[in-house]
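Visitor: I'm new to this one. Could you walk me through it?

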Amino acid sequence: FKVILYINDKRYELALSDQGLPVVVGESRQWTVPSQLADLRTEIVGYSVVATLQGLGVSLHWNLKDTVEVQVTEALWNRTGGLCGRMDGHATNDLEREQDSVVAYANRWQANPPSERCTSSVEEDACVDAASQQSAHEFCNRLMVDKRFEACRKFLPTRQYYEACRWDYCSCRDWNQKACGCRSIAMFVRDCLQHGEKSVENWRDEDNCPVECSGGRVYKACGPASVATCMTGDIELLSSQCEEG
C-alpha cells in the first residue's frame, strides 16, 4: 500500500520501508516519519500516519493499510470536489449526479497515473454469495444490536456503518476479514466519541476486535490527536479530534 500526494509541482509518496516503517518518498530522496519539509509535515498518531499540507488547511490520515481520511479546515468548506464532496454541510449533493451510487461515483474518480494502472474497480456488493453474506452479517450486526453501541445508535446513521462493515468484511477475501470489519467498527466508535459519547471507549475486549500493544505502550480508544516530538514541539494538528491507538 502507498499514498501518492501532489503538492503544486512536487510528488510525494507515503509508503512503508522494507523494514515496515512509514516513510515519505520524494523524487530524489526519502525521509522517515516524523518529518518536516517545506510544504509537508508528517507524524505518527495512534495507528496512523498524519500528513499535513502546510498552508493549505488539509491533513491526511493513513492507517498504513487500506484507509485514507482527508480533513480540511473551515477555509476550504464549499471549496472542495471529487471524493471529498462539496463540504457544504449537505451530504445529499456530494455525488453530483442523482443517478450515481457511491460505488459508481468512486469508480469515476479512479486515477491512472502515467506509470500505473488501477486494474480493478470497486464492486457494488462485495458479498457475492449466501455464505459470505451470512458471515458478514453475523460479524457486523453487532453494530445494530450490541448494547455497547446503544448510545451511539441514537445519533449516528448506524445502518450506513453496518453496510460499510459488510462491504469491508467481504472485500477482504485474501486478508483477515475480521480485521477489515473491525476497522469499520472502529470508525463508527471514533465518530461516536467525537460526539462526546464516552461510554463506548472500552468497546474492545478479547472477543470483540482485540488489540495488543508492544514496547510498554498502552491502548486508548481516544488518545491525543497530536504527539509532541523534538521536531514538532507543541504544534497542534488541524483537527482537535482524538485518535485511537
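Predicted model: local features only at pLDDT ≥ 70, side-chain atom pairs only at ≥ 80, totals over all residues.

Visitor: How far apart are the end C-alpha atoms of helix α5?
Guide: Helices here are DSSP runs of H or I, at least four residues, numbered from the N terminus. The expected span is 1.5 Å times one less than the number of residues. For the 14 residues of α5 (158–171) that should give 20 Å, and the end C-alpha atoms agree, being 20 Å apart.

Visitor: Which residues of α5 are buried?
Guide: Buried means under 20% relative accessible area (1.4 Å probe, protein chains only). An α-helix has 3.6 residues a turn, so residues three or four places apart point the same way. In α5 the buried ones are T158, Y161, Y162, C165, R166, Y169 and C170.

Visitor: Which cysteine does C127 join in a disulfide?
Guide: A disulfide is a pair of cysteine sulfur atoms within 2.5 Å. C127 lies in the loop between α1 and α2, and its partner is in helix α5, so the pair ties together parts 43 residues apart in sequence. With S to S at 2.0 Å, the partner is C170.

Visitor: Is the disulfide of C140 and C165 right-handed or left-handed?
Guide: Their sulfur atoms are 2.1 Å apart. The torsion about the S-S bond is about -75°, so this disulfide is left-handed.

Definitions and conventions. Residues numbered from 1 in each chain as written. Heavy atoms only, no water. Helix = DSSP H or I, 4+ residues; strand = E, 2+ residues; numbered from the N terminus. Buried < 20%, exposed > 50% of the residue type's maximum accessible area, 1.4 Å probe, protein only.
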